[in-house]
Amino acid sequence: MSTESEGVALDVDRLRMRYGTVDVLHDVTFQARHGEVLALLGPNGAGKTTTIEILEGFRIRSQGRVAVLGTDPAHGDERWRARIGVVLQSWRDHGKWRVRELLAHLGTYYTAYTTPEIQRPWDPDELIAAVGLTEHAHRKLKTLSGGQRRRLDVAIGIVGRPELLFLDEPTAGFDPQARHEFHDLVRRLADDHHTTVLLTTHDLDEAEKLADRILVLNGGRIVADGTANQLARRIAGQDEVRWLCAGRRFTERTTDSTGFARDLFARHGEEVQELEVHRASLEHTYLALVREAETIQEGTR
Ligand SMILES: Nc1ncnc2c1ncn2[C@@H]1O[C@H](COP(=O)(O)OP(=O)(O)OP(=O)(O)O)[C@@H](O)[C@H]1O
């Protein structure tokens, strides 16, 4: 049975990439299930864009096995490509086109790839509403602001209702409201449409808010893979649980705060008040993971 039929949308096994004589990806291995949102984090030059471009079929890997929706992206055909969405850095061409006109035009390409499960393309007016561009539907592209263009980039990436969406730093340049709306849109794509999403970002709050799982890439190696909670625990070890019971304040450290809280309520019921669970922030965790990986890599040089 193929991994795709087992619910795996992305399957990357010992992926290597070499530019000239320099290895920039070393045995990168991870999987994503259908409907999962994965954030790829890592310092500048870690290999995030290279990884994404290999998965998109835009770069040919040096070694390793890669399956994207069950297909090797180096040999993906048009039908495969129609199932993938890519949000590229800003769409600069077609300045004279209008927003709705361009989306309706690009959408026609996907009609042939409609399946019983997925009606392609996305209705242009619904799509424009989903990315918050309704007021600007009839504006020419060259008159859009940077943030509005970025929303359009996202709309172009999803017009074919992709089953898998790649987003490379999608919210760079967004104002807080646009960022918030974009986060809602990505969560809706994953939750309601079962779209798998792989995004790169330098915004740790974004990763924490959006991602079901976080991968940290450093120096071309995956140095962590897990939920924000799991990563925090790996570094900080334990959560701190605080609560008030019969007028007294308590603090306890635990590796299983959910189980701890369940027991607490089972034992003390409504006497438990003001329950708080604190864990290391993702920023703290991320910096510690990158530092830890750099120490190990220096030791092996
Ligand atoms: N075409 C290329 N030829 C040679 N080296 C390259 C090429 N593209 C990328 N690299 C190198 O590969 C490494 C990984 O680059 P990549 O762009 O994948 O990193 P990144 O994690 O996306 O970085 P950033 O956060 O800065 O976007 C870097 O050392 C970069 O200099």
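Domain bounds here come from an automatic or database domain assignment. That assignment gives domain 1 (4–228) and domain 2 (236–300). Residues are numbered from 1 along each chain as its sequence is written. This is a predicted model: local features need pLDDT of at least 70, side-chain atom pairs count only at pLDDT 80 or more, and totals for chains, interfaces and linings use all residues.

**Stop 1: the sheet.** Helices (H or I, at least four residues) and strands (E, at least two) are DSSP runs, numbered from the N terminus. Two strands pair if DSSP finds at least two bridges between them. Look for an open sheet of six strands, in the order S5-S6-S7-S3-S8-S9, with mixed pairing. Select S5 (84–87) and S9 (221–226): these are the edge strands, each pairing on one side only.

**Stop 2: a strand pair.** Select S3 (residues 37–41) and S8 (residues 213–218). They run parallel, joined by four bridges. Ala39 has Ile214 in S8 as its bridge partner.

**Stop 3: the helices.** Contact means C-beta atoms, placed from the backbone, within 7 Å. Axes are lines fitted to C-alpha atoms, for helices over the stretch in contact; angles run from 0 to 180 degrees between N-to-C directions. Select H6 (residues 176–193). It lies across S3, S6 and S7 (196–200), at about 150° to S7.

**Stop 4: the two domains.** The C-alpha centres of domain 1 and domain 2 lie 33 Å apart. Their contact takes 11 residues from domain 1 and eight residues from domain 2. On the domain 1 side, H7 (204–210), S8 and S9 each give two or more residues. H7 gives the largest share, three residues.

Key. Two residues are in contact if their C-beta atoms, placed from the backbone, lie within 7 Å.
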